[in-house]
Amino acid sequence: YSRAAVVQPLDTVPRREVVVLWASQTGNAEEFAAATAERLSTVGHSTSLVGMDQADLGQLPPAADLLL
């Protein structure tokens, strides 16, 4: 039994556009959101990191996945 994540080869992972939307009072969520966006980018996804206080919902890409 292993808790290690199974990593697929990069050429078999479907590429997605992901908007990581975050809000934070202490900075913890901002750091976590940045690390998440970096990890998603590392495996080939197109990511955007957006603070909720600066998000314009009308400008979010309609086909993107939204990660809160």
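Strands here are DSSP runs (E, at least two residues), numbered from the N terminus. Leu 66 sits in one of them, strand 3, which covers residues 65-67.

A quick word on the model: it's predicted, so local features need pLDDT of at least 70 and side-chain atom pairs count only at pLDDT 80 or more, while totals for chains, interfaces and linings use all residues. Residues are numbered from 1 along each chain as its sequence is written, and side-chain values use heavy atoms, with hydrogens and water left out.

pLDDT is the predictor's confidence in each residue, from 0 to 100. The chain averages 87, and 82% of the residues score at least 70. Here are the two ends of the confidence range given for the chain's elements:

| Element | Mean pLDDT |
|---|---|
| Strand 1 (residues 17-22), highest | 96 |
| Strand 3, lowest | 93 |

Now the sheet. Two strands pair if DSSP finds at least two bridges between them. Three strands make an open sheet in the order 2-1-3, paired in parallel. Strand 2 (46-51) and strand 3 are the edges, each with a single partner strand, so one side of each has no neighbour in the sheet. Strand 1 and strand 3 run parallel and share three bridges; Val 18 has Asp 65 of strand 3 as its bridge partner.

Back to Leu 66: is this residue buried, partly exposed or exposed? Leu 66 counts as partly exposed because its relative accessibility is 46%, where buried means under 20% relative accessible area, exposed over 50% and partly exposed in between (1.4 Å probe, protein chains only).

Terms used
Helix = DSSP H or I, 4+ residues; strand = E, 2+ residues; numbered from the N terminus.
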